[in-house]
Amino acid sequence: MVDATHTSYPAADRSYYAILKKDIHHKAQEAGLISQKLAALDIILAELTSNLHKYATDGEILIGFGKDHKGEYLEVIAIDNGPGMADTAKMMQDGYSTGSTMGHGLGSIKRLSDKFDLFSIKGWGTIVLSRIYKNEQDAATVKPVPAIEIRPLVVAKTGEQVSGDATYYKTSGRYLKLLVADGLGHGREANLAVNEAVSSFKGCPYDSPVEILRFLHQDIRKTRGMVSTVAVFDLESKQVQIAGIGNISAKFMHLGGIVKNHISYNGIVGHNIPNTMNSQQVAFTDYSLLILCSDGIKSRWDVSKYQGIARCDSMMMAAAIYKDYSRGTDDTSVVIVKLK
């Protein structure tokens with residue numbers, strides 16, 4: 001089944017750290033991480049929570065499981081609203097700390113991680129990413145970077161056991177097809193709607209986003225319905241076709257600051273959709289990112305203040321948008337698609 005990709009742990013209260021670390025360790029163990037990887041994870045969590053306690057405000061840790069061209073991984077994302085760092089390179093030196101900024105322990109976290117990244121703005125806060133691959137060989141092997149990289153961040157509404165938001169993508173011949181869906185409301189019925197949609201999406205034979213949406217519409221009529229956006233990436237022609245129904249926001253972006261908004265149609269997939277719809281087409285070469293957000297993210301999100309974040313792992317952009325714009329009252333999705 002499809003569900004949240006990440007679990008959120010509030011990290012503002014030191015008394016909760018022991019429970020947090022124990023629960024994350026258990027999840028990692030269940031996912032099949034070997035003892036060496038589990039030991040590294042324990043140290044990483046200890047360093048992150050120590051820094052959050054000393055320097056941060058309203059800290060939060062996201063733990064997620066995913067898969068990319070290197071293999072399966074576990075990732076830890078630490079987010080805070082603390083003082084931030086003016087010179088992240090200097091803060092990476094072992095033992096360096098001004099006494100008022102998160103610096104101690106970052107060097108050891110980097111060494112223990114298969115993938116490490118850091119983004120910080122003075123007065124805004126800091127995001128730290130630590131990714132550990134399940135297979136040691138996968139982490140060390142140099143593999144070709146795919147033409148399209150997708151990093152989803154999906155978090156269930158606080159108090160819910162499952163997420164009504166979901167994302168799924170598949171490769172079919174020359175095409176990579178991406179579905180981002182938000183079941184109406186939240187909880188189990190919303191989760192059921194998006195799971196029915198993903199099941200339908202897996203078997204859908206069409207290559208047009210509009211035809212895919214029509215196909216899903218017929219298959220999920222017995223559910224409460226959803227809003228959804230479908231993007232189809234042609235790996236040969238380097239073109240993207242995109243169409244959406246409902247309030248999934250989507251923006252194509254270029255490093256130079258150029259932004260192209262995608263406008264979805266009104267309606268609810270599974271209940272009522274327009275008779276006439278057209279896909280929007282965009283060339284890979286015109287943009288470097290496609291960002292999609294469910295309505296768990298405030299509608300007027302903007303990434304212009306995150307100077308330099310495009311050089312980081314794509315998940316850092318997702319985490320920054322989540323940090324600043326999550327409503328906290330619904331399931332939340334941020335999907336970053338990097339176009340190479």
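Author: What follows is a quick tour of some helices and a few loop and strand residues. Keep in mind that the model is predicted.

Reader: Fine. Start with α1. What end-to-end distance should its 14 residues span, and what does the model give?
Author: Helix α1 runs over residues 17–30. At 1.5 Å a residue it should span 20 Å. Its end C-alpha atoms are 20 Å apart, which agrees.

Reader: Which residues of α1 are buried?
Author: Tyr17, Leu20, Ile24 and Ala28. Seen down the axis of α1, the buried residues fall within an arc of 60 degrees, so they line one face of the helix.

Reader: And which exposed residues sit on the face turned away from that buried side?
Author: Ala18, Ile19, Lys22 and Glu30 of α1.

Reader: Take α2, then. At what angle do the axes of α1 and α2 cross?
Author: Roughly 150 degrees, and the axes come within 10 Å. That makes α1 roughly antiparallel to α2, because angles over 145 count that way. The crossing is right-handed.

Reader: Which residues make the contact between α1 and α2?
Author: On the α1 side, Tyr17, Leu20, Lys21, Ile24, His25, Ala28 and Gln29. On the α2 side, Leu38, Leu41, Asp42, Leu45, Ala46, Thr49, Leu52 and His53. Tyr17, Leu20, Ile24 and Ala28 are also the buried residues named for α1.

Reader: What follows α1?
Author: Gly32, with a positive phi near 100 degrees.

Reader: Which residue has a positive phi although it is not a glycine?
Author: Lys238, at about 60 degrees. Most residues other than glycine have a negative phi. Lys238 lies in the loop between β9 (226–234) and β10 (239–245).

Reader: Is Lys238 buried, exposed or partly exposed?
Author: Partly exposed, because its relative accessibility is 32%.

Reader: Which α6 residues are buried?
Author: Ala190, Asn191, Ala193, Val194, Asn195, Ala197, Val198, Ser200 and Phe201. What covers them includes β7 (165–172), β8 (175–183), α7 and β9.

Reader: How do the axes of α6 and α7 cross?
Author: Helix α6 is residues 188–203 and helix α7 is residues 209–219. Their axes come within 9 Å and cross at roughly 130 degrees. The two helices are therefore oblique to each other. α6 passes α7 in a right-handed crossing.

Reader: Which residues meet there?
Author: From α6, Ala197, Ser200, Phe201 and Gly203. From α7, Ile212, Phe215, Leu216 and Asp219.

Reader: Which residues of α7 are buried?
Author: Pro209, Val210, Ile212, Leu213, Leu216 and His217. Seen down the axis of α7, they fall within an arc of 160 degrees, so they line one face of the helix. They pack against β8, α6, β9 and β10.

Reader: Now single residues. Where is Gly270?
Author: In the loop between β12 (259–262) and β13 (280–283). Gly270 is buried, because its relative accessible area is 3% and the cut-off is under 20%.

Reader: Leaving aside sequence neighbours, what is Gly270 in contact with?
Author: His217, Ile220 and Arg221. Gly270 and Ile220 are 50 residues apart in sequence, yet 5.1 Å apart C-alpha to C-alpha.

Reader: And Thr7, how far is it from Thr57?
Author: Those two are also 50 residues apart in sequence, but 19 Å apart in space, C-alpha to C-alpha. Thr7 lies in strand β1. It is partly exposed, at 33% relative accessible area. Beyond four places in sequence, Thr7 touches Lys27, Ile61, Leu62 and Ile63.

Reader: Last one. Where is Ile258, and what does it touch?
Author: Ile258 is in the loop between β11 (249–253) and β12. It is partly exposed, with a relative accessible area of 49%. Not counting residues up to four places away in sequence, Ile258 touches Phe252, Met253 and Tyr287. Ile258 and Asp286 are 28 residues apart in sequence and 9.2 Å apart in space, C-alpha to C-alpha.

Note on methods: Residues are numbered from 1 along each chain as its sequence is written. This is a predicted model: local features need pLDDT of at least 70, side-chain atom pairs count only at pLDDT 80 or more; totals for chains, interfaces and linings use all residues. Side-chain values use heavy atoms; hydrogens and water are left out. Helices (H or I, at least four residues) and strands (E, at least two) are DSSP runs, numbered from the N terminus. The expected span of a helix is 1.5 Å times one less than its number of residues. Buried means under 20% relative accessible area, exposed over 50%, partly exposed in between (1.4 Å probe, protein chains only). The arc is that of the directions from the helix axis to the C-beta atoms. Axes are lines fitted to C-alpha atoms, for helices over the stretch in contact, and angles run from 0 to 180 degrees between N-to-C directions. Angles under 35 degrees count as roughly parallel, over 145 as roughly antiparallel, 65 to 115 as roughly perpendicular and the rest as oblique. A crossing is left-handed if the near helix is turned anticlockwise from the far one by less than a right angle, and right-handed if clockwise. Contact means heavy atoms within 4.5 Å.
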